[in-house]
Amino acid sequence: MKHKAIAASLVLLLAPLTACGGSARAGDGSTVTVTVGYQSKTINTVTAGTLLRSLGYFEKQLNSLGDGKTYKVDWQDYATGAPITAQMTAGKIDIGSMGDFPLLINAARGKQLGQPTHLVSVTGYNLRGGLNTIVTAPDSQLASLADLKGKKVSTSIGSAADGTLVRALQRAGIDPDKGIEKLNQQPAVGASALSAGSADALSQFVAWPGLLAYQGKAKALYDGAQLNLPTFHGVTAREDFATERPAVLEAFLKAQAEATDYLDEHPVAAAEKVAEATGLPAEVVYLYNGAHGISTFDPAIKPQLISALKEDVSVLKSAKLTGDVDVDAFVDDQYVKKALGADYAKRLTTAPPASASEVWPKRAAETRAFKTPAELLAYVAEHKSGIRAAYVPDATTGTLWFADKALWVSDGKDLLPFVTPATAQAYVGAHDGARVVPYAAALEQAS
């Protein structure tokens, strides 16, 4: 049944789509429509989607081309990368953004159907893999990956979160095909299944795990950063579109770089804009896209991300979702290099910001950073009624999490936060005298 479900998913992916949507290739007159596929709630792609659309930078870049054309942008919003790929291979979407595993499927389908595509830039990334998380219900007794054996786990097959699930289970000695009952579901459906008890766990990508934790509907079981393998989202473009309208693609990439700079310089305002456009809580958006958030944004196609993409091919092949994918042929950085000019080399070597604890005070236009989680707790204890959100980095992976949702360990005078029970217990087991304490007790100790 499992293979039939996968096959059915691929049939849907490959089926010709007849939805309305323009294409730059069809713009032979004075008006050219550029169709951009994006995922508004996949907030790791906002610099090529939600935030970019809100800021209007792409339209401004197109208007400045001065080639006598009138440009219109058709923004098409999807829940995952699969329908974007289907529309691209049907010639209906020119530029799309999606996660690393969907990007590989995009490459494979494009080549297979005679509509080759290329990875032209990166949106958000995490060098350890922290963008994907496995969560359980708040009252679940599951405490580690080993507890998932024989359980029902919801994910979106072929997604980056599915890749994290497969790799995590393999490391735990569980067959990802036979050791669990995998439910192939859209993120929203999986979230509902978790709440209803028809799924024991949910493996999903940004921003679903953080959203469910923030809402009190889930707790983290496995932090994808424990894999210590890069994960990212990127921008893909049809080869014929890029060849026929390189100036338009370069305009998009310049606009993406501008949106990236805006996010870096105004992280709170950017979170508010994305929240307004998506309906997501701004506190959740900031968890991922903030100054020290889980995601780092940069259009440069870094070598370590290309290497990670090559490692991902084997996972998709084992699930029979693709055959071999020539990653080197799929990656095409010529357009982003031209768009960013001399700045590209600098961006290519820029490292993510160091982890930090942050408090977002109510009615504040910026956050406050603290050197240690204990200092943050002391501040929160003194200003309980004035805190909008508080964030702390996992003591082992650096993944940012909500302070009141983290697992806290008291080790002498130190107070250390962890995203999952397993990592907290691993620390306790290696440090005599260390113990897990409730959040309220951690606040009291820090004050």
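Leaving aside neighbours within four places in sequence, Asn44 is in contact with Thr123, Gly124, Tyr125, Leu131, Val206, Phe232, His233, Ser295 and Phe297, where contact means heavy atoms within 4.5 Å. Asn44 is placed in the loop between strand S1 (31-38) and helix H2 (50-55); helices (H or I, at least four residues) and strands (E, at least two) are DSSP runs, numbered from the N terminus. Asn44 counts as buried because its relative accessibility is 0%. On this scale, buried means under 20% relative accessible area, exposed over 50%, and partly exposed in between (1.4 Å probe, protein chains only). The side chain of Asn44 also makes a polar contact with the side chain of Ser295, at 2.4 Å. A polar contact is a pair of N or O atoms within 3.5 Å; within protein, one must be able to donate a hydrogen and the other to accept it, and residues adjacent in sequence count only if both atoms are side-chain atoms.

The model is predicted: local features need pLDDT of at least 70, side-chain atom pairs count only at pLDDT 80 or more, and totals for chains, interfaces and linings use all residues. Residues are numbered from 1 along each chain as its sequence is written, and side-chain values use heavy atoms, with hydrogens and water left out. The mean pLDDT of the protein is 93, and 94% of its residues reach 70 or more; pLDDT is the predictor's confidence in each residue, from 0 to 100. Over residues 1-22, pLDDT stays under 50, and the model has 36 contacts beyond four places in sequence for this stretch.

Leu340 belongs to helix H15 (residues 334-340). Beyond four places in sequence, its contacts are Leu253, Ala257, Pro299 and Arg347. From C-alpha to C-alpha, Leu340 and Pro299 are 9.1 Å apart in space, although 41 residues separate them in sequence.

The next topic is the space inside the protein. On a 1 Å grid over the protein atoms alone, a cavity is a set of points where a 1.4 Å probe fits but cannot get out, and a pocket is an open set with protein on both sides within 12 Å along at least five of seven lines; lining residues have an atom within 4 Å of a point. Grid points are joined across faces, edges and corners, and a volume is the space filled by probe spheres set on the points. The second largest pocket holds about 320 Å³ of space. Among its 20 lining residues, Asp264, Thr296, Phe297, Thr350 and Pro353 are the closest to its centre. At least two lining residues come from each of helix H10 (246-265), strand S11 (296-297) and helix H16 (343-349).

The structure has one cavity of 30 Å³ or more, and the largest cavity contains about 40 Å³ of space. Helix H6 (160-171) and helix H13 (303-318) are the elements that give two or more residues to its lining.

Finally, the backbone deserves attention. A cis peptide bond, with omega about 10 degrees, joins Val206 and Ala207. Ala207 lies in the loop between strand S8 (201-205) and helix H8 (208-214). Asn228 is not a glycine, yet has a positive phi of about 55 degrees; with 43% relative accessibility, Asn228 is partly exposed. Arg363, also not a glycine, has a positive phi of about 60 degrees, and is exposed, with a relative accessible area of 80%.
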